[in-house]
Amino acid sequence: MPTDQFVISKLNPSITTLPERGNEKNDFLHDFKQYYVHLLGRDENCRAPYYASEALSLAIRDRLMERWKVTHKTYKNNDCRRGYYLSMEFLMGRTLSNAMLNLGVTDTATQAMYDLGIEIEELINSEYDAGLGNGGLGRLAACFVDSCATLQLPVIGYGLRYEYGMFTQTIVNGEQVEKPDHWLRQGNVWEIERLEYSHSIKFGGHTEIQTDENGEQRHCWIATSNVLAVPFDTPIPGYRNGTVNTLRLWKAVATEEFNLDEFNAGDYAEAVAAKITAENVTMVLYPNDANENGKELRLRQQYFLASASLQDVICHWIGLHGNNFSRFAEKRCFQLNDTHPSIAIAELMRLLMDVHGLTWDEAWTITKSTMAYTNHTLLPEALEKWPVKLMQRLLPRLMDIIFEINSHFITEASMHWPGDSERLRRMSIIEEGYERQVRMAHLAIVGSFSVNGVARLHTELLQQGLFSDFYALWPHKFNNKTNGVTPRRWLAACNPELASLITETIGEGWVTDLSQLKKLEPYAEDAQFRQRWRAIKQAAKQRLIDYKQRKHDTDLQFNVDAIFDVQVKRIHEYKRQILNVLHVIHLYNCIKKGDIESRVPRCVLIGGKAAPGYRMAKKIIKLINNVAQVINSDPESDKKLALLFLKDYRVSAMERICPGVDLSEQISTAGKEASGTGNMKLMMNGAITIGTLDGANIEIREEVGDENFFLFGLTEEQVEARRGNYDPIAIIDQDEDLQQVMHLLESGYFNQFEPGLFNDLISSIKSPHDPWMTIADFRSFVDTQKRVEDAYRDKDHWTKMSILNCANSGKFSTDRTIGEYNREIWKLTPQPVTHK
């Protein structure tokens with residue numbers, strides 16, 4: 001009999017009863033030694049910090065495990081309504097420091113390691129980032145699950161366990177070169193494999209209508225190629241409240257390791273072909289979808305996530321309630337993080353009808369009552385569409401269901417607008433044309449009871465523009481949930497010196513109620529407090545200098561008294577890193593002309609990754625590095641202006657950067673950034689924003705006041721009004737500073753040995769069809785940057801602005817965001833966990 005058919009008939013409950021792990025220093029010393037010596041087999045001669053980090057992480061995980069089990073039992077016993085957060089990205093970063101903070105054992109563990117001659121910073125830094133995301137979307141998901149646990153909400157995160165995360169970015173001759181990010185090369189101490197909860201995922205094949213034993217006709221999806229979804233669970237601790245929620249990540253595994261007949265016949269490659277094909281599904285985050293194979297793999301990933309997660313939820317439901325789904329919508333809720341998991345709507349219909357025997361009407365009532373959709377983009381090209389032919393080949397049963405959903409939807413919409421064929425064409429889930437496409441965002445809206453944007457302006461633009469037809473049909477579905485970030489990681493953990501000053505001044509309640517930072521406002525008038533604040537900021541800037549010189553192996557000298565002017569985010573034309581570069585070239589030109597008396601020293605730091613297939617974004621990185629090379633090697637720039645591209649930007653890098661930033665660059669074209677979260681992290685740490693009226697910038701400015709925010713540029717309405725009559729050449733002709741900047745670019749000053757390298761970039765910003773209108777905002781940006789310099793000269797006033805930015809960042813905690821999701825969408829009841 002196969003071993004997997006053996007089961008333990010009954011376990012004595014005492015098997016799980018162990019003495020609780022203590023949180024005193026000697027407890028950590030004992031557990032650390034146990035793991036370091038007995039499990040990992042190391043001794044005093046081992047010099048690699050990774051093993052010490054793993055031993056401490058195991059000791060911390062033991063304490064999480066106790067709380068994790070109690071949390072699970074509480075949710076089960078209370079049979080509470082639960083939420084499920086489906087996201088293709090979870091940009092978790094490092095876990096050790098955050099786990100210690102939330103357990104309240106940082107100081108004790110630090111002292112225990114110190115007694116052993118170990119600096120805990122070494123252990124924290126030896127952990128690999130869990131780079132399972134590209135940028136704001138994945139980092140938001142990570143912040144959300146942290147806040148759900150802190151608010152004691154019964155929410156599980158579902159994602160994919162990519163073998164290779166977001167690529168490691170290297171810079172060769174100024175250009176981005178991608179290398180694999182094998183973040184699992186040494187394993188992941190925080191995860192637990194749960195083979196018993198694996199599920200089979202179907203691809204390919206075809207559908208048939210068959211008659212079951214009761215004479216009922218059923219749709220059957222047959223002759224499929226199946227892949228096994230194996231879950232790996234990671235504990236997500238709340239802040240010192242006993243709650244530990246779950247992040248479940250799915251790994252793709254072949255149903256059979258290899259074909260023995262092929263192997264015995266000598267065809268070794270073919271023998272393992274199925275294994276390789278299966279494991280490709282979760283091999284790489286964001287495969288390059290510039291080709292058909294990449295597109296198909298991306299669709300496979302999205303369906304794999306949706307199917308595995310929904311099967312898991314339904315399996316758990318049946319374990320509690322049997323095959324009775326009458327209260328499923330009352331007890332379960334799904335949040336789709338952007339358009340990627342929207343295939344879940346059709347998959348839930350398939351599972352309820354084909355597997356569990358519900359009628360179409362019963363299944364649709366449940367589906368549209370449990371699915372909620374968050375939109376994260378205003379760029380139409382970022383709203384995924386899949387060719388119908390691809391869907392029919394890869395997911396034939398899902399395509400049948402989508403056709404049926406669309407048929408019902410068009411019938412409903414035509415009742416509202418009889419004869420309005422153009423509107424119905426716009427709204428249809430199926431886009432007609434030479435190659436028919438499935439509009440996944442339309443499927444998400446039709447199949448959800450809630451549709452939210454992630455900043456007030458973003459939501460308004462969705463309602464007025466991108467989804468205006470749907471808003472006219474279902475205004476009750478649409479709502480706004482302005483994003484946030486977790487203050488635990490992005491202030492308490494990453495900036496402990498500032499956090500300590502804040503706690504000393506107003507108490508520690510701000511860690512779970514960020515609105516309490518408002519109590520700092522009166523201290524902005526306190527000269528002694530400003531002095532302490534400024535000293536902490538200067539020390540953070542020096543640490544940032546030290547970090548960058550180590551990280552980038554550079555002897556470039558930074559002036560700690562300069563403005564630290566930072567733009568760190570995904571490289572994209574709409575985020576306008578190129579506008580930042582134009583301003584840097586302008587400053588350099590001023591130095592060359594001798595116009596330096598009125599200038600303040602400035603260190604400009606730009607970081608971010610470009611998608612591997614995004615040629616223009618990669619060209620922007622090259623431009624930044626070429627301009628940096630010229631400026632930094634020119635003696636006239638010394639101590640006046642420096643530019644550095646921060647390679648391989650990631651969560652752990654941002655944790656180093658945040659505390660040392662003076663000026664936060666949030667300069668996207670108005671109406672293009674959905675929200676932004678980097679702006680919130682930097683504001684929380686006392687940086688002052690220079691930005692357009694875009695995304696969450698608008699709400700940041702409202703909170704902190706116009707006098708503590710540097711506003712520039714066209715509004716969204718002005719951008720739209722200029723389309724069709726935008727003339728960047730005329731703007732250049734009327735602006736002498738801009739003429740000189742463009743002359744330096746066009747003359748090849750920054751690419752003397754690479755002629756024509758930046759012609760396409762230059763042409764794009766000079767084009768009347770440039771959607772980002774970079775040239776239009778140049779003069780306003782330069783003038784506002786001069787205001788920045790004038791403000792920075794008065795260090796005391798600048799410090800006051802810094803304090804007020806932090807004091808008014810309370811709105812931008814994910815605790816507030818998640819509270820709103822819960823009150824208005826999920827309607828979950830917090831579940832206090834009693835832990836001994």
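I started with E820, asking what it touches beyond its close sequence neighbours. Leaving out residues up to four places away in sequence, E820 touches N480, K481 and I825. This is a predicted model, so I'm reading every contact as computed.

Next I checked where E820 sits: it belongs to helix α34, residues 814-826. Buried or exposed? E820 has 18% relative accessibility, so I put it down as buried, the cut-off being under 20%.

Then the cores. The largest nonpolar core holds 112 residues, and F304, I402 and W826 have the most contacts inside it. I looked up which helix gives the most to this core: helix α10 (residues 292-321), with ten residues. There is also a second, separate core of 62 residues, and I noted L641, F645, M773 and V782 among its members.

I went back to F304 for its partners. Setting aside neighbours within four places in sequence, F304 contacts residues including L160, I201, F203, V227 and L228. W250, K251 and T282 are also among the contacts of F304.

Last entry, the second largest pocket. I get about 1100 Å³ of space in it. Its lining takes 42 residues, and E121, A492, A493, C494 and P496 lie nearest the centre. Elements giving two or more residues to that lining include α3 (96-103), α5 (120-125), α20 (487-493) and α25 (651-657). Which element has the largest share of the lining? I found that α22 does, with six residues. By type, I have the lining of this pocket down as 19 nonpolar, ten polar and 13 charged residues.

Conventions: Residues are numbered from 1 along each chain as its sequence is written. This is a predicted model: local features need pLDDT of at least 70, side-chain atom pairs count only at pLDDT 80 or more; totals for chains, interfaces and linings use all residues. Side-chain values use heavy atoms; hydrogens and water are left out. A nonpolar core is a set of buried Ala, Val, Leu, Ile, Met, Phe, Trp, Tyr and Cys residues joined through side-chain atoms within 4.5 Å. Buried means under 20% relative accessible area, exposed over 50%, partly exposed in between (1.4 Å probe, protein chains only). Helices (H or I, at least four residues) and strands (E, at least two) are DSSP runs, numbered from the N terminus. Contact means heavy atoms within 4.5 Å. On a 1 Å grid over the protein atoms alone, a cavity is a set of points where a 1.4 Å probe fits but cannot get out, and a pocket is an open set with protein on both sides within 12 Å along at least five of seven lines; lining residues have an atom within 4 Å of a point. Grid points are joined across faces, edges and corners, and a volume is the space filled by probe spheres set on the points. Ala, Val, Leu, Ile, Met, Phe, Trp, Tyr, Cys and Pro count as nonpolar, Asp, Glu, Lys and Arg as charged, and the others, Gly among them, as polar.
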